[in-house]
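User: I am new to reading protein structures. Could you show me how to read a few features, one at a time?

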Amino acid sequence: MRTFLKHAVRRVGLYEVIAFFTGFVLMAFELAASRILAPTIGTSAYVWTSVIGVMIAALALGYAAGGWIADRRAQKSDIVWLLLAAALAILVTCMFSQNTLDSVSHLFHDPRVQGVLASTILFVPASFLLGMASPYLAKLRVQSVKTTGRSVAGLSASNSLGGIAGTFCTGFIFFTIIGSRETLALLAGVLIACSWLIAPSVLRKPRIILSAVLFGTLLLQFTVPVRAGVVADIDTPTSHYKIIDGTLNNQPVRVLIMGPGGLQSGAYRNGSKDLVFDYTRKIAEVTAAAPHKNRILILGGGAFSLPEYMGVHYPASQVDVVEIDPGLPGIAKQYFDYKQPANVRVFAEDARTYLQTTAERYDVVIVDAYNDSSIPFALTTREYAAALKTAMRPDGAVIANFIGAANDRCMPLLASLHQSYDSAFSRSLLYPLDDITLQKEQNIIAVYSNASLTWANDIAGSVFVGLRPGTTLTDNHAPIEYLHQKCGGY
């Protein structure tokens with residue numbers, strides 16, 4: 001790393017190289033920040049809003065402070081200490097993130113408050129210090145009024161190029177081969193290495209001692225023990241997963257968790273291929289009653305227990321699974337004993353994109369695409385429902401998993417989701433799993449079709465509930481996070 005940096009310094013310029021790597025670290029840090037928050041606070045737009053807003057505010061303060069100090073004492077050694085301090089701040093974030101998130105989530109229940117407060121505690125120090133470096137570099141780089149524009153432009157361009165590289169490397173590479181904690185440790189290492197490019201002979205002994213302490217702390221991040229019951233913490237390019245062993249109804253199970261909203265999917269640990277959760281069993285029951293199921297589409301793979309079940313129980317049917325994360329089938333095989341039947345095909349694609357481009361026509365479409373406890377907004381709108389209708393046979397049926405209720409808090413959410421499907425399908429049935437009055441927030445299996453649903457009359461548990469008009473959800477306006485929050489979601 002150091003040899004590479006020295007070569008880059010000779011070809012480009014010292015301050016431009018430092019600007020490049022501070023930009024690299026900053027953008028990679030921002031992406032890793034969202035992953036750090038995901039298991040405890042979630043992955044909603046509220047989380048991204050909190051991370052971006054707080055970090056931009058910290059950068060603005062850093063720019064102001066750095067410029068003020070640089071005008072009074074612009075010394076090369078100051079950049080050294082800024083880089084080392086930023087590395088220390090990132091390592092502190094890495095070490096104390098989980099305890100901080102646990103405390104914040106217990107003290108506050110509003111995800112907006114959680115996101116802003118956690119982001120402020122965990123990400124402001126490093127962002128502020130990285131922001132201070134930019135005006136310092138500009139002050140040191142400018143040697144003449146005549147070349148001020150060129151000098152500042154060169155630093156800004158280098159910083160932007162570094163940000164681009166950091167974004168792509170983190171999203172496409174780091175999250176694929178290492179976790180979010182390891183990514184933070186790597187970023188701290190980059191800053192420590194960069195600090196030695198500047199006046200390496202100045203204050204050599206204290207710098208060696210501090211760098212050694214930071215590197216030692218950095219290495220410890222790769223040996224942090226996994227919490228009891230946690231089988232694995234896995235980062236993929238699209239999400240963060242936690243796999244946990246536990247018991248459900250006195251049976252040993254292994255579950256997949258994407259955030260604080262609860263269990264997303266799972267399988268029994270005793271080798272049984274029975275479906276673990278009530279809602280998947282109800283989906284299977286409704287599918288079994290459907291008059292036609294030669295072609296089945298499942299939106300959302302999870303631990304792939306439901307696709308495997310459908311493939312095994314309907315060997316003459318074609319079962320297609322659309323799962324946006326290409327890493328999930330491998331995770332399911334490694335941790336959930338998923339054995340893909342010959343009649344199951346997996347498409348690593350966004351569900352909405354698949355619906356809009358596929359030439360297939362399905363008898364049954366199962367919608368179980370949850371991002372933690374919320375449905376991605378693109379799968380809640382009227383335009384989505386229209387694309388879903390196009391991908392189905394005229395007498396086909398949609399079987400969708402909702403989490404909601406018809407009480408005062410949750411009625412707007414449930415009514416809005418129902419209204420989108422109702423815009424494309426003329427008949428519907430609801431199957432609440434716990435409370436038939438729908439006053440309790442719960443899994444609700446909703447069935448929609450443009451053909452008769454008389455075949456579903458013998459399935460126990462269907463209810464008719466008069467839903468008030470909800471928000472019209474469109475691709476242009478779908479405040480799904482607000483509706484979930486109002487319902488007490490996440």
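Analyst: Start with contact, which means heavy atoms within 4.5 Å. Keep in mind that this is a predicted model.

User: Which residues does Leu210 touch, not counting residues up to four places away in sequence?

Analyst: With those neighbours set aside, Leu210 touches Trp81 and Leu84. Leu210 itself sits in helix H8, which covers residues 204-220.

User: Is Leu210 buried, partly exposed or exposed?

Analyst: Buried means under 20% relative accessible area, exposed over 50%, and partly exposed lies in between. Leu210 has a relative accessible area of 31%, so Leu210 is partly exposed.

User: How much of the chain counts as buried?

Analyst: The chain has 490 residues, and 53% of them count as buried. Its accessible surface comes to about 21,200 Å², with 60% of that belonging to carbon and sulfur atoms.

User: How far apart are Leu210 and Ser449 in sequence and in space?

Analyst: In sequence, 239 residues separate Leu210 and Ser449; in space they are 66 Å apart, C-alpha to C-alpha. For scale, the C-alpha trace of the chain spans about 80 × 45 × 45 Å along its principal axes.

User: What share of the contacts in the chain joins residues at least 24 apart?

Analyst: Count the contacts between residues at least 6 apart in sequence: 73% of these join residues at least 24 apart.

User: How many helices and strands are there in the chain?

Analyst: The chain contains 15 helices and 11 strands.

User: And where do the charges lie, as mean positions?

Analyst: There are 39 positive and 34 negative charges in the chain, and their mean positions are 13 Å apart.

Key
Residues numbered from 1 in each chain as written. Predicted model: local features only at pLDDT ≥ 70, side-chain atom pairs only at ≥ 80, totals over all residues. Heavy atoms only, no water. Helix = DSSP H or I, 4+ residues; strand = E, 2+ residues; numbered from the N terminus. Buried < 20%, exposed > 50% of the residue type's maximum accessible area, 1.4 Å probe, protein only. Areas by Shrake-Rupley, 256 points an atom, 1.4 Å probe, with all protein chains shown as cover. Lys, Arg positive; Asp, Glu negative; His and termini not counted. Charge placed at Lys NZ, Arg CZ, Asp CG, Glu CD.
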